[in-house]
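This report describes selected residues, strands and salt bridges of one structure. The sequence and the structure are shown first.

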Amino acid sequence: QAELVESGGGLVQAGGSLRLSCAASGRTFNSYTMGWFRQAPGKERVFVALISGSGGLTTYADSVRGRFTISRDNAMNTAYLQMNSLNVADTAVYYCAAHRYWGRTNPDEYASWGQGTQVTVSS
């Protein structure tokens with residue numbers, strides 16, 4: 001199974017930007033769909049974005065579409081989440097996850113997760 005480590009979280013002002021990274025181990029990284037999910041205090045973990053193994057397909061939650069961009073660098077075994085125009089509602093722990101198949105947005109279907117990285121947006 002893939003081992004995933006998120007980084008790049010922190011404190012940012014509303015309207016600002018942040019770039020999260022997810023470093024993965026494993027020789028077959030480019031065969032996995034990579035996803036970003038987030039969990040705000042007292043709330044369930046929810047889907048944010050997916051990118052296919054080749055990087056050719058992406059899907060976004062309505063709440064982040066147009067503001068966030070998911071990408072990957074398979075040569076570096078790393079997935080990214082570029083977050084722009086952040087607002088306080090984006091405050092959450094952000095997790096990356098890996099799946100064998102494309103299109104899974106339900107976090108219950110994922111078995112491989114990183115440890116999470118905290119994103120806090122101040123007003």
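T91 counts as buried, because its relative accessibility is 19%; buried means under 20% relative accessible area, exposed over 50%, and partly exposed in between, with a 1.4 Å probe and protein chains only. The model is predicted: local features need pLDDT of at least 70, side-chain atom pairs count only at pLDDT 80 or more, and totals for chains, interfaces and linings use all residues. Residues are numbered from 1 along each chain as its sequence is written, and side-chain values use heavy atoms, with hydrogens and water left out.

T91 is placed in the loop between β8 (78–83) and β9 (92–99); strands (E, at least two residues) and helices (H or I, at least four) are DSSP runs, numbered from the N terminus. A polar atom of the T91 side chain lies 3.0 Å from the backbone nitrogen of V121. Such a polar contact is a pair of N or O atoms within 3.5 Å; within protein, one must be able to donate a hydrogen and the other to accept it, and residues adjacent in sequence count only if both atoms are side-chain atoms. Not counting residues up to four places away in sequence, T91 touches A40, Q118, V119, T120 and V121, where contact means heavy atoms within 4.5 Å.

## Asn87 in the β8–β9 loop

N87 also lies in the loop between β8 and β9. With a relative accessible area of 31%, N87 is partly exposed. The side chain of N87 reaches the backbone nitrogen of A89 at 3.0 Å. Leaving aside neighbours within four places in sequence, N87 is in contact with R67 and V121. The C-alpha atoms of N87 and A14 are 4.8 Å apart, although 73 residues separate the two in sequence.

## Strand β5 and its partners

Strand β5 (residues 46–51) is mostly covered, with five of its six residues buried. Strand β4 (residues 33–39) pairs with β5 in the antiparallel sense over five bridges; two strands pair if DSSP finds at least two bridges between them. I51 in β5 is the bridge partner of M34. The hairpin of β4 and β5 has six residues between the strands, and G42 there takes a positive phi near 75°.

β5 also pairs with strand β6 (residues 58–60), in the antiparallel sense over three bridges. Here I51 stands opposite T58 in β6. The hairpin of β5 and β6 has six residues between the strands, and G55 takes a positive phi near 85°.

## Salt bridges

Side chains of opposite charge can pair when their charged atoms come close. A salt bridge is a side-chain nitrogen of Lys or Arg within 4 Å of a carboxyl oxygen of Asp or Glu, and by this rule the count comes to four. One of them joins D90 and R38 at 2.9 Å, N to O. This pair links distant parts of the chain, with D90 in the loop between β8 and β9 and R38 in strand β4, 52 residues apart. Both D90 and R38 are buried.

D90 also meets R67 in a salt bridge, at 2.8 Å, N to O. R67 lies in the loop between β6 and β7 (68–73) and D90 in the loop between β8 and β9, so the pair ties together parts that are 23 residues apart in sequence. D90 counts as buried because its relative accessibility is 1%, and R67 counts as buried at 15%. R38, R67 and D90 are linked in a network of salt bridges.

Another salt bridge is formed by D62 and R65, whose closest N and O atoms are 2.6 Å apart. D62 counts as exposed at 65% relative accessibility, whereas R65 is partly exposed at 48%.
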